[in-house]
Amino acid sequence: PYDRLRAAAARVLSNAAGRALAYELAVGRYALGPLAAPSNDAFAGRRASGYGALLAGIAVAAAMELVGGHVLVRHLWGDLAALVHLGLSGYALLWLVGDWRALGARTTTLDGGTLRVRCGLRWLADVPVADIEAVYHVRRPLPSDRPTVRATAGTPQFALDLRRPVVAEGPYGLQRTVTRVALSVDDPDRFGAALAAAVGEAPLLEVSTMLN
């Protein structure tokens, strides 16, 4: 649904405005609408992120804050301020639910010669497999020697160094040009094997521990 919204918005608005509008619409669509199950060959990353437990804790805290904050804001600044507070708090909860559901529906796939990296409503990037220079198992914090996008809701498991930069698109159409993509998946062994088969033999594929 997000890709279709982006395409439709781009036909009637400028690139930046279209991307922002599509993102806003996608938040509600993924939070409230029906979603198709991902294909069997897709690589989801929701379970690996541990985002579900975090979301449950945030939702409980937010619900308590919403009631107490609404009463306090109304008492101090009046009904209009209380309505604004209610609307912002409700949108924040809607975004969290939409992002969590999108993590399960918008999955990373290997489509022909392209690795289509999808991380819920956070980041998307299309990486040509031929441009992957090295693949790392991430066991330490990522170094800052390359412009990087963290396409994960948790700790990255893999980092892909690229020969040529790609454009990653984030929330509200924010774009970033990067030469490293970090991601995590629920089935790292299957993902590593599929990526190795797509990239080919060494030295094109280098799987090692990131040192710094």
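Colleague: How many nonpolar, polar and charged residues does the lining of the second largest cavity have?

Modeller: This is a predicted model. Rolling a probe the size of a water molecule over the atoms shows where empty space is left. Here, the lining of the second largest cavity has four nonpolar, two polar and three charged residues. Among the lining residues are Tyr-2, Arg-106, Trp-123 and Glu-169, and the volume of this cavity is about 30 Å³.

Colleague: How many cavities of 30 Å³ or more are there, and how much space lies in the largest cavity?

Modeller: The count comes to two cavities of 30 Å³ or more. The largest cavity holds about 90 Å³ of space. It is lined by 15 residues, of which Gly-45, Leu-103, Arg-118, Cys-119 and Ser-184 are the closest to its centre. Its lining divides into six nonpolar, six polar and three charged residues.

Colleague: Which residues are the closest to the centre of the largest pocket?

Modeller: The largest pocket has a volume of about 380 Å³. Of its 19 lining residues, Pro-1, Asp-3, Ala-105, Arg-106 and Thr-107 are the closest to its centre. Helix H1 (2-12), helix H2 (15-32) and strand S2 (114-119) each supply at least two residues of this lining. H1 gives the most, with three residues. By class, the lining of the largest pocket has ten nonpolar, three polar and six charged residues.

Colleague: Let us turn to the strands. In which sense do S6 and strand S7 pair, parallel or antiparallel?

Modeller: In a regular strand the side chains alternate between the two faces of the sheet. In this model, S6 and S7 (residues 175-183) pair in the antiparallel sense over eight bridges. S6 and S7 form a hairpin with five residues between them, and Tyr-172 in the turn has a positive phi of about 60 degrees. Strand S4 (residues 132-137) also pairs with S6 (residues 158-169) in the antiparallel sense, over five bridges. There, Phe-158 in S6 is the bridge partner of His-137.

Colleague: Thr-179 lies in strand S7. Is Thr-179 buried or exposed?

Modeller: The cut-off for a buried residue is a relative accessible area under 20%. Thr-179 is buried because its relative accessible area is 15%.

Colleague: Which residues does Thr-179 touch, not counting those up to four places away in sequence?

Modeller: With that exclusion, Thr-179 touches Arg-146, Pro-147, Leu-160, Asp-161, Leu-162, Arg-164 and Pro-165.

Definitions and conventions. Residues numbered from 1 in each chain as written. Predicted model: local features only at pLDDT ≥ 70, side-chain atom pairs only at ≥ 80, totals over all residues. Heavy atoms only, no water. Pairing = 2+ DSSP bridges. Helix = DSSP H or I, 4+ residues; strand = E, 2+ residues; numbered from the N terminus. Buried < 20%, exposed > 50% of the residue type's maximum accessible area, 1.4 Å probe, protein only. Contact = heavy atoms within 4.5 Å. 1 Å grid on protein atoms, 1.4 Å probe; cavity = no way out; pocket = protein on both sides within 12 Å on 5 of 7 lines; lining within 4 Å. Points joined across faces, edges and corners; volume = space filled by probe spheres on them. Nonpolar A, V, L, I, M, F, W, Y, C, P; charged D, E, K, R; others polar.
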